Every structure is written in structure tokens, then in C-alpha cells.
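I opened the notebook to go through one model from the whole chain down to single residues. My entries follow in the order I looked things up.

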Amino acid sequence: MEIAPAATSVLFRFAARALLIAVAAPLVAHAADQKPLLADAKIILLHHSTGECIWNGGVPAWFQSHNAAHGTRYSIAEQAFPKDSPYGWENYPYDYWNIWVRNAGGKPFRQEPTLEMLTGKYNVIVLKHCFPVSNIEADDGRPDVTSPERRVGNYKLQYAALKKKMREFPNVGFLVWTGAAQVTGDTDEAQARRAKTFFEWVRTEWDEKGDNIYVWDFWTLETEGGLYAKPANTSGDAHPNESFSRRVAPLLCRRIVDVIQGRGDTGDLLGRSETYRPPTPAPKPPAEPAPTPPLVQPVASEPAIGTPAGPGTWVFDNAEDAAVRALRWPEAVAYTDDGKERVLSIDFTKGNEEDWGDYGRQRVVWTNPPAKNHDISDFRYLAFRVKTEREMEIVLTLMTLPAPSGPRHQSHFGFSAYLHPQAGKWTWIALDLTRLELTAEGEEAYAKAGEPARPMHLTGLRLVTSAKNEQARVLVDDIVFLRELPRELKSSLQMP
């Protein structure tokens, strides 16, 4: 362990604006109105491409972390439903009705599992529709449960039949997403209004309390209350983008846990906690804001990096000692001046490029590996300042490799947070190390480490951003691990 007591004091200065994120509030316990499901509940997510985006936003890792932190044994799986062949790539209300109601029974229909089959394997079934479900034509006055035409009248009959069928399995929880929304250009206003009206009906009338059927309001998350999926949440078409997927994946997971633990009727339909409050607008900054001192004040004898700057504090880097660059950072990171301050400048164009599949090309920068992993078990928080020249997401991961100087493709694990710093302005971010999102590669190292619920032995920091943002200037300073979070930093506490 690199940490030893020292008397050098650390003075903090803090930004005025709190970083508020919709997923920040932790899940809080409240009175359950229904009987909880099993501690080893099995969950299945039935989806197509939109659901796959959210799944890839971190669903499996979230449940791994939750199990480790709470002693549960929840397991979650996913599958395309229905498959492209032989049934066809259609998962609208008609298709669920066709497979589960019209062709119910113990045998698959066109190789697709019926509810009789699924409920024999899973305790929670999560189902959704693709975004063309929102291309709803005007009613023709002849609603027909057997019609595949996308009309509100047909949808309501199919949903009524599905509700009756799902209630035949009272020991299984069903979580229904409100429909995925379309983007402007792929629908018209009339269709979008019909879609909004229908999914409001699903949420407020079709979903009844006291049964085994619940709703996750994906529509509202995508549209933010409007008629169309917000461009900031999509990838050009109506597929969710990487940033949105990562932001809402924990909300889906919390909603599933609500269902498992008996809070399906009392939990928030978006998957937030009871203490959630919408983000408040940032106050207008003064015309000429006064410069503020760094987190770690230079002293007559600056402590070496890796030693504490006070009890319960470990300064990972404060950019004041350029000699430490060779110890902490690769050539992708340089020391530079930002006004009167010395800070770290991250050049993502010099980072490694990785292909993250659906999320596209990413640029990755690691700190240099130490000879021996740092024991950070004494610390609960990580705090730092960051400033970017554009709106962008940065994934910060506290990495643990069994062999620090070995290859990075060895089995390893890390705990991540998703950062959205304010463009053009220094932002304080504080992270609770017990609430980061677990990711594991190979999982052997994670299992050997005892499946910790938080970072314990730190190899280094990994920063990742999309290659489309690789030219953006990113500045970081005052990276400090803390045993206790000072009162002035509590407003900057971010959850993943």
C-alpha cells in the first residue's frame, strides 16, 4: 500500500453548480405491496435491435454488481423475439398476441416459445416492441384483434388479450416497455400523436395495480415528454445511441429489481428512485468569473505523487509536478497551462483505437501501470476536475489487472462511471467507489479477487471516448482519493 500518514494539509475549492444526472439517486427501500420473487430470480429480455442497444449499455454488468453488493443471485438472459426466420422480424402487439394467445400451448409456434414455455424457465419476462410500432395509422372503425394492421383499436384489443393471458401465470412478473419512439422524418405528426396517446393509455389505464404486470416507460425516456425520440438520444435513425443506452440501462435494471422485490406497483415507472428530482437549470455564470484555486494547494514542500496530502487523502495527480508524468501518464497526456493553473491535457488521438461493435470506434487512454497495484481499500471516493471544449461522454474506469505490467488482454476487471462534463467550464465530479458499474473481461481475475463490489486494488485509470470526439480538448486536474467526502463536494457526487 502506497499510503502513509502525513501532516500536509489539503485545501479544497469547489464549483457552484452540482452535477445532476437522472440516474444519480440510488434505489431506496420502501414498503412492498406485493410478495417478492426469489433471491435467485431468472430474467429474460425479449428484444430486437433497440433492446440490444440498451442491453449493451451495461445490463449484464449492472446485475453482476448488484448481486455482489446485495448478496442476490439474479440472472438475466436475452434473446431475439421473434427471430427473423421462420416467423419474421415482427414484434408488434399482433405478434405477441399471435404467438402467446392464438397459438398458446406447450409447443413452440414457428420455432418461437409460447408463454407456457417461457414461464417454466423464467421468473421475470421483459418484452418490448421495435420503433415501427409507433407508425400508427388512423382507426377505420373496425377494430380486430386478429389484424396485424397498426391501429390503436387493434392494439388495444391485442393488449387486453395479452393481459388476460399473462395473468394466467401469477407467479411470474411481466415488465412491458412502452413503445420505442420514431424520429422526425420517419413518421408524421398524426402518427406520432397516436403513438403517444396509445402508450399513455398503456401506462395509465391498461396497467392495473395488484396484478403481475408492470410497465417501464421507455417512451418517456426517449421522447422526454415530446412526440419524437430526441436527436440527442438516437443514432440518426430511431436506434438509441451509445450515450443514451448507457444512461438508461441502469434504469431498466432498477425497474426489473422493483418487480422482483415486490415494488412493481410502487416503484417509479422510469426506474429512478423515489428521491429523484429533475435536473435544475445551471445558473448563469458571471461575465468574468474569478479564478479559483486548485483542489490541492502547492505548499513549500510539495508531497510526492502517491503519498497522502493529509489523513484519509491520496493525491493521484494534481499536475503540479511535471516529473511525475513518466510515472503516471503515457504520451497521450501532457501537462499544460490553463490560465494560471497547471493541468493535464488528454490527447485522445494518441490513444489506442478499439472497435466497440454497435458503439463504433473508441479512443482509449490508460495511465501507466505501476509495479504493484495500489491498495485503495481505505478510500470511499474519487474526486477530480474536468473541462472539455464540447459536449461529450467520457467513460472512466478504475482498472484492476492481476499482473499490472502484463498485457491488457489478460483477464481483468474494472468499475466504471460515465462522465458528461460541462463544455467550456471546469466541473467538479465526485464518485462513490461503492456505486460504480462492474465490467469484467474473462472474469477469472474478478472471481480470483473474491468478486469485490468496488475497486480495491487499482492498476490505473482508463479513459474512453468515441472516436468522433477524439479531436476535442479534454483537461483534467486534482485527482484525489478520499476516505470521507467533504461537505462542499457532496453536490458534485455522481452515480453511474
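Among contacts in the protein between residues at least 6 apart in sequence, what percentage join residues at least 24 apart? I got 75%. I note that this is a predicted model.

**Whole chain.** I looked up the secondary structure and found 10 helices and 20 strands. The protein has 496 residues, and 54% of them are buried.

Strand 4 (residues 173–177) joins strand 5 through 4 bridges, in the parallel sense. Phe174 has Ile213 of strand 5 as its bridge partner.

**Thr119.** I found Thr119 in the loop between helix 4 (115–118) and strand 3. Is Thr119 buried or exposed? Its relative accessibility is 15%, so Thr119 counts as buried. Leaving out residues up to four places away in sequence, Thr119 touches Ile125, Phe169, Val172 and Phe174.

**Helix pair.** I looked at helix 3 (residues 93–102) against helix 5 (residues 152–166). They pack at an angle of about 35°, and their axes are 9 Å apart. The crossing of helix 3 and helix 5 is left-handed. Helix 3 contributes Pro93, Tyr94, Tyr96, Trp97, Trp100 and Val101. Helix 5 meets them with Tyr155, Gln158, Tyr159, Ala161, Leu162 and Lys165. I sorted the residues of this contact into 10 nonpolar, 1 polar and 1 charged.

**Strand 8.** I checked burial along strand 8 (residues 341–346). Of its 6 residues, 5 are buried, so strand 8 is largely enclosed by the rest of the structure. Strand 8 pairs with strand 7 (residues 333–338) in the antiparallel sense over 6 bridges. In this pair, Tyr335 has Leu344 as its bridge partner.

**Backbone exceptions.** Most residues other than glycine have a negative phi, and most peptide bonds are trans. I looked for departures from both.

The bond from Phe81 to Pro82 is cis, with omega near -15°. The bond from Ser85 to Pro86 is cis, with omega near 10°. Pro82 lies in the loop between strand 2 and helix 3, and Pro86 is placed between strand 2 and helix 3 too.

Gln111 is not a glycine, yet its phi is positive, about 70°. I placed Gln111 in the loop between helix 3 and helix 4. Gln111 is exposed, at 55% relative accessible area. Asp478 also has a positive phi, near 55°. Asp478 sits in strand 19. Asp478 is buried, with a relative accessible area of 0%.

How values were computed
Residues are numbered from 1 along each chain as its sequence is written. This is a predicted model: local features need pLDDT of at least 70, side-chain atom pairs count only at pLDDT 80 or more; totals for chains, interfaces and linings use all residues. Side-chain values use heavy atoms; hydrogens and water are left out. Two strands pair if DSSP finds at least two bridges between them. Helices (H or I, at least four residues) and strands (E, at least two) are DSSP runs, numbered from the N terminus. Buried means under 20% relative accessible area, exposed over 50%, partly exposed in between (1.4 Å probe, protein chains only). Contact means heavy atoms within 4.5 Å. Axes are lines fitted to C-alpha atoms, for helices over the stretch in contact, and angles run from 0 to 180 degrees between N-to-C directions. A crossing is left-handed if the near helix is turned anticlockwise from the far one by less than a right angle, and right-handed if clockwise. Ala, Val, Leu, Ile, Met, Phe, Trp, Tyr, Cys and Pro count as nonpolar, Asp, Glu, Lys and Arg as charged, and the others, Gly among them, as polar.
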